[in-house]
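The sequence and structure come first, and the commentary follows.

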Amino acid sequence: MRATNTPRFDNSYARLPEHFYTRQDPQPAPAPKLIRVNHALASHLGFDPGWLESGQGVDFSAGNFVPSGAEPIASVYAGHQFGGWSPQLGDGRALLLGEVIAGDGARYDIQLKGSGRTPYSRGGDGRSPLGPVLREYIISEAMAALGVPTTRALAAASTGEIVARDEPLPGAVLVRVAKSHIRIGTVQYFAARKDKDALVALVAHVIERHYPDAAHAGNPARAMLDYVIAAQAKLVATWQSLGFIHGVMNTDNMLLSGETIDYGPCAFMDSFDVNAVYSSIDRDGRYAYSNQPTIAHWNLAQLTQALLPLLDENEEKALSSGQAAIDAFPKLYMEANNTNMHAKLGLTNNQAGDEALIQNLLELLQAHSVDYTLCFRVLAELANPEQVPKENVRTFFSFPGAFTPWIERWSQRLNEERNNHAASIENMLKVNPVYIPRNHLVAEVIESASRFQDFKPFHTLVDLLGKPYRFDKKTQRFALPPKPDQVVQKTFCGT
Ligand code: AMP
Ligand code: MG
């Protein structure tokens, strides 16, 4: 049956060669129930939000109603997981329903996560407990509001089914939206099989979808690689600037589009710690906060390796082209990081001494375990006394005395800006959030929903995180760091 309330599907990935995916229908949920619809995103994509909340719309979100035009597929990929090579992975608990074109002409994947088994499920059930669905909804939407490229949450529905994990848990499905779900691991899958035709087709697809300018380059594959490297450098610099720790930076969790994907054991840190690790499965701290840029570089080296056959017919020339591409990463990352940190501190142009100023602040934060988010927010308020209401973050957060000399130095540096670039100081209030999805808040919300079927705290938190830069005294509780007994030490990938 044709649903008239969905945008038209146009499934370009399903038109790629058959060995890129397996056709697979979602497995119906016994008793679907609406959790939430993302109205703004729905409207942007051309879905009728009211329909998504209707019986048929909820059936759609749970995988019980496949609208005409959708062609559900599970895509195949490979990847390095914690550095170890897995030659075959794939959508084991996700299904790509198809692609829609939004009003702005952009193409988006519509994917169900938790909709049942696929040929790539291996031992898994293809289902998702409610907790990870809520977690992904909250954090991916918070990331979007913070301006980070990310997959999005269009809707969530509970399935009415119990999924067996360490304990029986309620099941749910997330409707995920992405510019595409093509991963470094997708390229690696075909490269490992020496399937050059597939690589050519995949790269052409990625270029058309994400980097159309690369088509006009002397070597389009190399140009695409350059674009991906630049996008990832920017993305990871943005994570660092927000204190976001991804937690599973496996090559199958890195998208060529440069969007953040896979909100498993991720976390925003509270007090600053370069060694912070939250993921329960990251025992050696491979994906610790300060390792993220290095790991991104390593992942991109794997992508480069996989693309070598397309970089040049001549093996030596291919290698030197790949080397040049990957060697650009450290500088691209440093530049992006520098831009972000300057913006956070209200600085525009680069001056001698800025690097030390930034470094010294991070050292102080580390030494005194100061809350990362609140530190920058208070600096923004100090720099903009007129713009902030009386009720502000300074009423409940202050720096340890050891910061005084640093703050004086920064104030002096800022005064040079004040004379020339007042806008960069005002901008501090737009780049330093008050509200982030703190671990203890996310845990609290999941607990209420999973144990007491109370979704009100979930809705409150999602609404609040949609406006992360505006402090409101009434919601001060959500801006506070966790009390010692609220600190969440470990997060779980929720498979
Ligand atoms: P992740 O660690 O979430 O990126 O998942 C790694 C791989 O395990 C992917 O190929 C997933 O499709 C698969 N996987 C994770 N959870 C499940 C599940 N519950 N059922 C089937 N496959 C899963
Ligand atoms: Mg994954």
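A polar contact is a pair of N or O atoms within 3.5 Å; within protein, one atom must be able to donate a hydrogen and the other to accept it, and residues adjacent in sequence count only if both atoms are side-chain atoms. One such contact, of 3.3 Å, joins the side chains of Glu136 and Arg176. Glu136 sits in helix α4 (residues 130–145); helices (H or I, at least four residues) and strands (E, at least two) are DSSP runs, numbered from the N terminus.

The model is predicted: local features need pLDDT of at least 70, side-chain atom pairs count only at pLDDT 80 or more, and totals for chains, interfaces and linings use all residues. Residues are numbered from 1 along each chain as its sequence is written, chains are lettered from A and ligands numbered from 1 in the order in which they are written, and side-chain values use heavy atoms, with hydrogens and water left out.

**Ligand 1.** The shell around ligand 1 holds 18 residues, of which Gly90, Gly92, Arg93, Gly126 and Asp262 are the closest; a residue is counted if one of its heavy atoms lies within 4 Å. By class, the shell has two nonpolar, eight polar and eight charged residues, with Asp, Glu, Lys and Arg as charged, Ala, Val, Leu, Ile, Met, Phe, Trp, Tyr, Cys and Pro as nonpolar, and the others, Gly among them, as polar. Strands β3 (73–81) and β4 (84–90) each supply at least two shell residues. Because domain 1 (13–178) and domain 2 (184–338) both contribute to the shell, ligand 1 lies between them; the domain bounds come from an automatic or database domain assignment.

| Protein atom | Ligand 1 atom | Distance |
|---|---|---|
| Gly92, backbone N or O | oxygen | 2.7 Å |
| Arg122, polar side-chain atom | oxygen | 3.1 Å |
| Arg127, polar backbone atom | nitrogen | 3.3 Å |

On its own, ligand 1 has 490 Å² of accessible area, and the protein covers 88% of that (Shrake-Rupley method, 1.4 Å probe).

**Metal site.** Asn253 (OD1) and Asp262 (OD) coordinate the magnesium ion (ligand 2) at 2.2 Å. Donors are N, O and S atoms within 2.8 Å of the metal (3.2 Å for Na, K and Ca), and water is not among the atoms, so sites may look incomplete.

**Burial.** Buried means under 20% relative accessible area, exposed over 50%, and partly exposed in between (1.4 Å probe, protein chains only). Asn253 is buried because its value is 5%, and Asp262 is buried at 15%. Glu136 is buried at 2%, whereas Gly401 is exposed at 56%. Gly401 belongs to the loop between α12 (372–383) and α13 (404–420).
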